[in-house]
Amino acid sequence: MINVLFSAKEHNWQQYKDVIPAACRQLDLDVCLGRDLAEADVDYIVYAPNKSLTDFTPFTHCKAVLSLWAGVETIAPNPTLTQPLCRLVDPGLEQGMVEWVTGHVLRHHLGIDKHIAPTDHSWTPEPAPLARSRRVTILGLGALGAACAKALAGLGFQVAGWSRSPKQIEGVTCHSGDQGLHDALANTDILVLLLPLTPATTDIINERTLAIMPAGSVIINPGRGALIDDAALLSALDAGHISHATLDVFRVEPLPQNDPYWHHPKVTVTPHIASETRPETAAERIAENIRRGEAGEPFLNLVDRTRGY
Ligand code: NAP
């Protein structure tokens, strides 16, 4: 019997309590999934941020901590976590992000807000250019960023991206390094942030990098709130340098009622819904990593703790 501790919020338990055992059965894994297992007996921990588990020291036999989230910035720096940590790469999460990013890119590209017939019934046709004359840059070309880049390139956009290591993606101009970031930002109309939050990416959109972007560009952030220096973005919006920001993630969530983003005319707030893990497909990934752990095979999507993602 493989003992799997489920440590996440109550609503997550309702979503996963049946699908994880079912996915494990598909792989002939005899799993006991529970929320109250003796610490020393635990073989794996399925984890999403919650207040009840912050000290991983007592889990002396735990072979891996399997995150239910793609972003691991809250758990990766935990000094008590010595076990391997795997983040979640889930086809359902990826598809959801592609749809959300494509929708919001198209909103700005087509000028959808402007062209919905105004209440004064004025008639000002200004057709949008074709996608091939619109530049979209994606910071982060990992599981989610690369999927979005390919989808947008497939629609004809001029797509560029930036990652830590050099990449080759068909139809996408790939940059890396400091000069690459400069070039990626200098040649964009719509910027999408899909970087993980690490010490190296915190406040990556700041007064200096915003100034590199062409006047009138748009920012779409489904990555993490702290990728953006909020004061610098608000100044750039007020100055008209950035024409709009569509923000799904924030330093503090839920976004506090008095936050200036709520009332800013050039900001669209969405409540961290760009994409979410889909229990059925995520459970298959969790089960596969348990199978790998039991077979002594390398885990999928192992987090590099020194890089923080
Ligand atoms: P991932 O596969 O780990 O990809 C991260 C990408 O960022 C990689 O291309 C990586 O470069 C690049 N990167 C990391 N640090 C960098 C640095 N210092 N300089 C340049 N590039 C850097 O992550 P993912 O699965 O695509 O997810 C990305 C983020 O999306 C998550 O961390 C999470 O914060 C966010 N997210 C948000 C939602 C939502 O609903 N809003 C849902 C899911 C995820 P390399 O390729 O060279 O490693």
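## Exercises on a predicted model

Asp203 sits in the loop that runs between strand S9 (190-193) and helix H7 (207-212). The model is predicted.

**Exercise 1.** Find which residues a cis peptide bond joins, and place Pro254 in the chain.

Solution. Step one: the cis bond joins Glu253 and Pro254. Step two: its omega is about -5 degrees. Step three: Pro254 belongs to the loop between strand S11 (242-247) and helix H9 (260-263).

**Exercise 2.** Describe how helix H2 (residues 19-26) and H10 cross, and which residues meet.

Solution. Step one: two packed helices are described by the angle between their axes and the distance between the axes. Step two: the axes of H2 and H10 come within 8 Å and cross at roughly 50 degrees. Step three: H2 is therefore oblique to H10, since angles under 35 degrees count as roughly parallel and 65 to 115 as roughly perpendicular. Step four: the crossing of H2 past H10 is right-handed. Step five: on the H2 side, the contact residues are Val19, Ile20, Ala23 and Cys24. They meet Pro279, Glu280, Ala283, Glu284, Ile286, Ala287 and Ile290 of H10. Step six: sorted by class, this contact of H2 with H10 has nine nonpolar, no polar and two charged residues.

**Exercise 3.** Give the volume of the largest cavity and say which element gives the most to its lining.

Solution. Step one: searching the whole structure finds one cavity of 30 Å³ or more. Step two: the largest cavity has a volume of about 40 Å³. Step three: among its lining residues are Leu66, Ser67, Arg285, Ile286 and Asn289. Step four: strand S4 (64-67) and helix H10 (279-295) each supply at least two lining residues, and H10 gives the most, with three. Step five: the classes are six nonpolar, three polar and two charged residues.

**Exercise 4.** Describe the lining of the second largest pocket.

Solution. Step one: this pocket has a volume of about 260 Å³. Step two: 20 residues line the second largest pocket, and His108, His109, Gly111, Lys114 and Arg134 lie nearest its centre. Step three: helix H3 (91-110), helix H4 (112-115) and strand S10 (217-221) are the elements giving two or more residues to the lining. Step four: by class, the lining has seven nonpolar, seven polar and six charged residues.

Methods: Residues are numbered from 1 along each chain as its sequence is written. This is a predicted model: local features need pLDDT of at least 70, side-chain atom pairs count only at pLDDT 80 or more; totals for chains, interfaces and linings use all residues. Side-chain values use heavy atoms; hydrogens and water are left out. On a 1 Å grid over the protein atoms alone, a cavity is a set of points where a 1.4 Å probe fits but cannot get out, and a pocket is an open set with protein on both sides within 12 Å along at least five of seven lines; lining residues have an atom within 4 Å of a point. Grid points are joined across faces, edges and corners, and a volume is the space filled by probe spheres set on the points. Helices (H or I, at least four residues) and strands (E, at least two) are DSSP runs, numbered from the N terminus. Ala, Val, Leu, Ile, Met, Phe, Trp, Tyr, Cys and Pro count as nonpolar, Asp, Glu, Lys and Arg as charged, and the others, Gly among them, as polar. Axes are lines fitted to C-alpha atoms, for helices over the stretch in contact, and angles run from 0 to 180 degrees between N-to-C directions. Angles under 35 degrees count as roughly parallel, over 145 as roughly antiparallel, 65 to 115 as roughly perpendicular and the rest as oblique. A crossing is left-handed if the near helix is turned anticlockwise from the far one by less than a right angle, and right-handed if clockwise. Contact means heavy atoms within 4.5 Å.
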